[in-house]
Number of protein chains: 2
Amino acid sequence: MILLRHELGDVLREKRLQQGRTLREVSADAKVSLGYLSEVERGEKEASSELLASICEALDLPLSQTLSLVSQRIADAEGIAVPVPLPIAAHRAVVSAA
Amino acid sequence: MILLRHELGDVLREKRLQQGRTLREVSADAKVSLGYLSEVERGEKEASSELLASICEALDLPLSQTLSLVSQRIADAEGIAVPVPLPIAAHRAVVSAA
């Protein structure tokens, strides 16, 4: 299952690293705790809408652009998730004797 | 402040209404409570990533497309939020005598 918080965390971390900034710097600018930002970036915590807005502002990244980047990442993942039929022999059922 | 949960709720509600479906129907398909879905649609509750994925699936709306729609709405709102200078007389300061 593709989860918003995982893709969002990746986008936020990528942007921060592109700017050469530390978790400490961005968390201070966004007025969130360093631990919270770290968990959001790792996709472990759902960012509240208010704190997401603060983090985006600290990164100087409009919320619309953040979500557009996340949408593109998820579209790629959804594309990859589509099963591709391969020309292999049909799976033979294994009947358990237990 | 533009909040993700407000715009997301509007998009989810619009899609449900376009499909002519009730809260009861979509909440049952998404395996979330009717009250939860209603609060998410009204922008009162943050949807967890797992339940957002379920709601999108119940609406047959890929998560990437949902976020793309939300991104467009927010881009419009961010555009509107830009202050436009109007050709009006300068505000005259009121000096309090208190």
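**Notebook: loops, helices and a two-chain contact**

I started at Asp60(B), which is found in the loop between helix 4 and helix 5 (63-81) of chain B. Helices here are DSSP runs of H or I with at least four residues, strands are E runs of at least two, and both are numbered from the N terminus. Asp60(B) has a phi near 55°, a positive value in a residue other than glycine.

Bookkeeping before going on: this is a predicted model, where local features need pLDDT of at least 70, side-chain atom pairs count only at pLDDT 80 or more, and totals for chains, interfaces and linings use all residues. Residues are numbered from 1 along each chain as its sequence is written, and chains are lettered from A and ligands numbered from 1 in the order in which they are written.

**Confidence.** I looked up the mean pLDDT of chain A, which is 90, with 83% of its residues at 70 or more. That score is the predictor's confidence in each residue, from 0 to 100. For the complex, the predictor gives an ipTM of 0.80 and a pTM of 0.81.

Is Asp60(B) buried or exposed? Asp60(B) is exposed, because 9 other C-beta atoms lie within 10 Å. My cut-offs, with C-beta atoms placed from the backbone: 20 or more others within 10 Å is buried, 12 or fewer is exposed, in between is partly exposed. Lys31(B) has 11 C-beta neighbours inside 10 Å, so I put it down as exposed.

Then Gly43(B), in the loop between helix 3 (34-41) and helix 4 (49-58) of chain B. Gly43(B) is partly exposed, with 18 other C-beta atoms within 10 Å. Its C-alpha atom is separated by 5.0 Å from that of Arg5(B), 38 residues apart along the chain. Leaving out residues up to four places away in sequence, Gly43(B) touches Arg5(B), His6(B) and Gly9(B). Contact means C-beta atoms, placed from the backbone, within 7 Å.

**Helix faces.** Which residues of helix 2 (residues 23-30) of chain B are buried? They are Val26(B), Ser27(B) and Ala30(B). These cover an arc of only 100° around the axis, so they sit on the same side of helix 2 of chain B. The arc is taken over the directions from the helix axis to the C-beta atoms. Their cover includes helix 1 (4-18), helix 3 and helix 4 of chain B.

**Two copies.** I laid chain A on chain B: RMSD 0.1 Å, by a turn of 180° and a shift of 0.0 Å along the axis. The two copies are therefore related as by a two-fold rotation axis.

The contact takes 21 residues from chain A and 21 residues from chain B. Helix 5 of chain A gives the most to the side of chain A that touches chain B, with nine residues.

**Core.** I finished with the largest nonpolar core, which has 40 residues. A core is a set of buried Ala, Val, Leu, Ile, Met, Phe, Trp, Tyr and Cys residues joined through C-beta atoms within 7 Å. Ile55(A), Val70(A), Ile55(B) and Val70(B) have the most contacts inside it. Not counting residues up to four places away in sequence, Val70(A) touches Glu7(A), Leu8(A), Val11(A) and Leu67(B).

Terms used
Least-squares fit on C-alpha atoms with pLDDT ≥ 70 in both. Contact = placed C-beta atoms within 7 Å.
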